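Here is a brisk report on one protein model. It starts at the surface, then turns to the sheet and the charged pairs.

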Amino acid sequence: MRAQFVLSEIGVGLRRNLTMTFAVIVSVALSLALFGGALLMREQVSTMKDYWYDKVNVSIFLCNKNDAATSTKCAKGAVTAQQKEQIEADLKKMDIVETVHHESTDEAYKHYKEQYSDTAIASVITPDQMQESFRVKLDDPEKYKVVATAFAGRDGVESVQDQRNILQNLFDLMNGMNIAALGVMGLMLVIALMLIVNTVRVSAFSRRRETGIMRLVGASSFYIQMPFIMEAAFAGLLGGAVACIMLLVGRYFLIDHGIALADKMQLVNFIGWDAVLAKLPLVIAIGLLMPALAAFVALRKYLKV
């Protein structure tokens with residue numbers, strides 16, 4: 001009987017404040033969708049870093065004859081065979097180095113032609129203008145500075161480059177987008193909480209006579225507050241469900257179909273469905289508990305009988 005009464009009161013409250021309830025559902029859904037999207041964006045960045053950082057190398061570019069004439073770092077002339085042997089031997093002695101590959105000028109020229117064959121400058125570049133290099137794979141890419149410190153400025157070395165820097169701008173952009181999404185999510189969350197508080201306030205005011213009678217007949221505060229809390233929780237639950245649908249649809253159209261980024265960007269290791277599904281229980285839980293807690297706090301202030 002009590003459960004039936006509580007459920008009937010929830011239905012009455014939702015009908016009386018239908019437009020505000022709809023606004024709560026929409027705002028909760030948008031804020032939680034942004035929250036879930038931010039979590040997925042962070043996981044995507046982490047996945048891409050793990051994938052690409054495992055593949056990038058540290059490149060030690062050696063001086064050639066052109067560098068000797070134009071670069072102050074190669075003032076002592078082009079790299080000699082003895083210097084190359086010493087650099088390679090020193091690299092292989094380092095514990096953090098996994099593999100060392102020497103790329104000759106002919107190999108560098110071949111790779112350049114493969115990548116930039118459509119450009120005008122490719123037709124005037126000759127093999128002797130290309131730099132020899134050592135491609136170094138590290139056990140831990142984060143320890144790039146150890147190699148840079150050991151070989152930068154050495155005779156025969158023109159520069160030491162960490163290929164992670166090529167990707168860092170992309171990761172910085174994605175992190176910036178993630179922070180922006182969290183900021184918008186925070187704003188939407190504040191709006192949702194304000195709507196919940198106002199909805200509970202209006203609902204409590206419109207039923208002040210009924211709650212007064214319940215108090216007079218001995219009903220507990222928890223029993224009186226329960227319909228209001230359940231209304232907010234139900235609206236939040238619907239908002240959380242809508243947010244989950246938005247995340248699933250977004251993953252489907254952005255990566256698998258529609259825009260189909262997985263087909264257009266095959267070199268990117270996108271997060272799978274398991275990552276999206278793992279976030280849905282958290283979104284639902286927040287959608288259920290956040291409005292209920294906000295309603296409970298609001299009732300302590302506005303439900304005075």
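## Nonpolar patch

Ile245, Val249, Tyr252, Phe253, Trp273 and Leu277 make up a nonpolar patch on the surface, with about 560 Å² of accessible area together. Two elements, α9 (221–256) and α11 (273–302), each give two or more residues to this patch. Helix α9 supplies the largest share, four residues. Tyr252 sits in α9. Tyr252 is partly exposed, at a relative accessible area of 36%.

Some terms need their cut-offs. Patches take residues with over 30% relative accessible area and no salt bridge; like charges are joined within 9 Å, and nonpolar side chains (Val, Leu, Ile, Met, Phe, Trp, Tyr) within 5 Å. Accessible areas come from the Shrake-Rupley method with a 1.4 Å probe, and for residues only the protein chains shown count as cover. Buried means under 20% relative accessible area, exposed means over 50%, and partly exposed lies in between (1.4 Å probe, protein chains only).

## Model and overall makeup

The model is predicted: local features need pLDDT of at least 70, side-chain atom pairs count only at pLDDT 80 or more, and totals for chains, interfaces and linings use all residues. Residues are numbered from 1 along each chain as its sequence is written, and side-chain values use heavy atoms, with hydrogens and water left out.

The protein has eleven helices and four strands. These are DSSP runs numbered from the N terminus: helices are H or I with at least four residues, strands are E with at least two. Of the 305 residues, 40% count as buried. The protein exposes about 17500 Å², and carbon and sulfur atoms supply 63% of that area. Among contacts (heavy atoms within 4.5 Å) between residues at least 6 apart in sequence, 81% join residues at least 24 apart.

## The sheet

Four strands form an open sheet in the order β2-β3-β1-β4, with antiparallel pairing. Strands β2 (97–103) and β4 (157–162) stand at the edges with a single partner strand each, so one side of each has no neighbour in the sheet. From one strand to the next, the twist averages 15 degrees. Two strands pair if DSSP finds at least two bridges between them.

Strands β1 (residues 58–62) and β3 (residues 133–138) run antiparallel and are joined by four bridges. Val58 stands opposite Val136 in β3. Helix α6 (residues 144–151) packs on the sheet and touches β1, β3 and β4; its direction makes about 175 degrees with that of β4. Axes are lines fitted to C-alpha atoms, for helices over the stretch in contact, and angles run from 0 to 180 degrees between N-to-C directions.

## Salt bridges

The structure holds six salt bridges. Each is a side-chain nitrogen of Lys or Arg within 4 Å of a carboxyl oxygen of Asp or Glu. One of them joins Glu43 to Lys279, with the closest N and O atoms 2.6 Å apart. Glu43 lies in helix α2 (residues 18–53) and Lys279 in helix α11, so the pair ties together parts 236 residues apart in sequence. Glu43 is partly exposed at 28%, whereas Lys279 is buried at 15%.

Helix α4 (residues 81–93) holds both Lys92 and Glu88, four residues and about one helical turn apart. Their side chains meet in a salt bridge (3.2 Å, N to O). Lys92 is exposed at 55% relative accessibility; Glu88 is partly exposed at 26%. Arg154 and Asp90 form another salt bridge (2.7 Å, N to O). That pair links distant parts of the chain, 64 residues apart: Arg154 is in the loop between α6 and β4, and Asp90 is in helix α4.
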